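Please read this briefing with the sequence and the 3D structure side by side. It begins with how the chain is built overall and then takes up a few places in turn.

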Amino acid sequence: MPLPAHETKHISSLSYPSRDVVFQLAQRNDGASNGTALWLGAQILSAFLADVLSSSTTANRHSRSTESNLPVRSCRVPPDGTAKGPNALRVPDQPTRNPTAIELGSGIGLSALTLASMGWDVLATDIQPVVDAVLRPNVRNNAQVLHPGSIQVRELDWTIPPEAWRWDDQLIIASHSTANAISSENPQGNKMQNTFDDGGDLGNANLKQPTPQFDLIITADTLYSAALITPLLRTLHNLCAVSVREVETGHQSKPPLIYLALENRDPELVSSFFDVARKDWNFTTTQLPKRRIQKALERSKLKWERKDWEGVEVWKLIYSKSHQTPL
């Protein structure tokens, strides 16, 4: 059974069971970056996603789930390509494609790997040095358990405004590192690999569009400074906006659902974030009940006491398509 992250910071290599697979995860606790180690938020979010997504494949539980009609590989797609109900994740409008997700601040990659192992095509993003130190190596080292899903790894610094992002670069969407940034071409002009040194690619065509469109957005342990409130909400807003598409009926599809996990060490900061999300960015926000999270942990075989994850919260955000970006 995995231990809470605060009990394993000193361990450089973790064997981490998730559903029916075991991930091999490298982490660093050298102080270079908070993102190079495992955190509780990612553990809780991964367990919740594994539970709510796998539960939708069982007919009886599917009918009772508050996240019904989840876009998992085995679910039936309604004719209009949309999920039903205000709390439902969006079902892909193409029945033959895997559902797609993007993770902001992937860290060591646990949540992205969990989704990919369940048949999702995931774009895992973070900044340097996290990408090269732990995220990309962990994705590469766990490639054998990801089928039928896939992962692409790209650098994304969401303090950079979305209008400066580059979706056509295989390695970098946005980065402040210019002189030392990784480019899709090395100085000799040879193409660098996205995730495999041997020429393999964990990517999928769903994520290689000029502007990818996502069914789900996730992020954990990324709210720890007031300076990040606007960049994070701006990024979430933009990703939702570009993911809304026309469906066959001529109507727009539902925006992707957002799940955000955090450790509430600073209640004033967290309260401010969600106030701004509602008032300035017109997101609806809902905190998931603790009992719902506890049940997900138990079904994920994380037999933790409540004190082991005290302060961790999972929130659901829904984007309003009618809202304009704040100036």
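A residue is called buried here when its relative accessible area is under 20%, exposed when that area is over 50%, and partly exposed in between, using a 1.4 Å probe and protein chains only. By that rule phenylalanine 273 is buried, and phenylalanine 274 is buried as well. The model is a predicted one, in which local features need pLDDT of at least 70 and side-chain atom pairs count only at pLDDT 80 or more, while totals for chains, interfaces and linings use all residues. Residues are numbered from 1 along each chain as its sequence is written, and side-chain values use heavy atoms, with hydrogens and water left out.

**Overall build**

- The protein chain holds 7 helices and 10 strands, where helices (H or I, at least four residues) and strands (E, at least two) are DSSP runs numbered from the N terminus.
- Of the 327 residues in the protein chain, 57% are buried.
- Among contacts (heavy atoms within 4.5 Å) between residues at least 6 apart in sequence, 67% join residues at least 24 apart.

**Nonpolar cores**

- A nonpolar core is a set of buried Ala, Val, Leu, Ile, Met, Phe, Trp, Tyr and Cys residues joined through side-chain atoms within 4.5 Å.
- The largest such core has 53 residues, of which Leu115, Ile151, Leu216 and Tyr259 touch the most other members; its largest share, 10 residues, comes from helix α1 (residues 40–55).
- A second, separate core has 35 residues, including Ile102, Leu104, Trp281 and Tyr319.
- As general background, nonpolar side chains in soluble globular proteins tend to be buried together.

**Aromatic pairs**

- The structure contains 6 aromatic pairs, a pair being rings of Phe, Tyr and Trp (its six-membered ring) whose centres lie within 6.5 Å, with planes under 30 degrees apart counted as stacked, over 60 as edge-to-face and the rest as tilted.
- Phenylalanine 273 and phenylalanine 274 form an edge-to-face pair, at 5.0 Å centre to centre and with 85 degrees between the planes.
- The rings of phenylalanine 274 and tryptophan 315 have centres 3.8 Å apart and planes at 20 degrees, so this pair is stacked.
- Because phenylalanine 274 lies in helix α6 (residues 267–279) and tryptophan 315 in strand β10, the pair ties together parts that are 41 residues apart in sequence.
- Both phenylalanine 274 and tryptophan 315 are buried.
- Trp165, Trp167 and Phe214 are linked into a cluster by ring pairs.

**Glutamate 313, a buried charged residue**

- Glutamate 313 lies in strand β10 (residues 312–319).
- This glutamate is buried yet has no salt bridge, and the nearest side chain of opposite charge, that of lysine 290, is 5.3 Å away; a salt bridge would need a side-chain nitrogen of Lys or Arg within 4 Å of a carboxyl oxygen of Asp or Glu, and for charge Lys and Arg count as positive and Asp and Glu as negative, with His and the chain ends not counted.
- A polar contact is a pair of N or O atoms within 3.5 Å, where within protein one must be able to donate a hydrogen and the other to accept it, and residues adjacent in sequence count only if both atoms are side-chain atoms.
- Leaving aside neighbours within four places in sequence, the residues in contact with glutamate 313 include Leu260, Ala261, Val270 and Gln287.

**Glutamine 27, a buried loop residue**

- Glutamine 27 lies in the loop between β2 and α1, and at 5% relative accessibility glutamine 27 counts as buried.
- A polar atom of the side chain of glutamine 27 lies 2.6 Å from the backbone oxygen of threonine 8, and the side chain of glutamine 27 also reaches the backbone nitrogen of leucine 38 at 2.9 Å.

**Backbone features in loops**

- Glutamine 128 and proline 129 are joined by a cis peptide bond, with omega about 10 degrees, and proline 129 is in the loop between β4 (121–126) and α4 (130–141).
- Arginine 19, in the loop between β1 (13–18) and β2 (21–26), is a residue other than glycine with a positive phi, near 55 degrees; at 44% relative accessibility, arginine 19 counts as partly exposed.
- Aspartate 221, in the loop between β7 (216–220) and α5 (229–243), has a positive phi of about 60 degrees although it is not a glycine.
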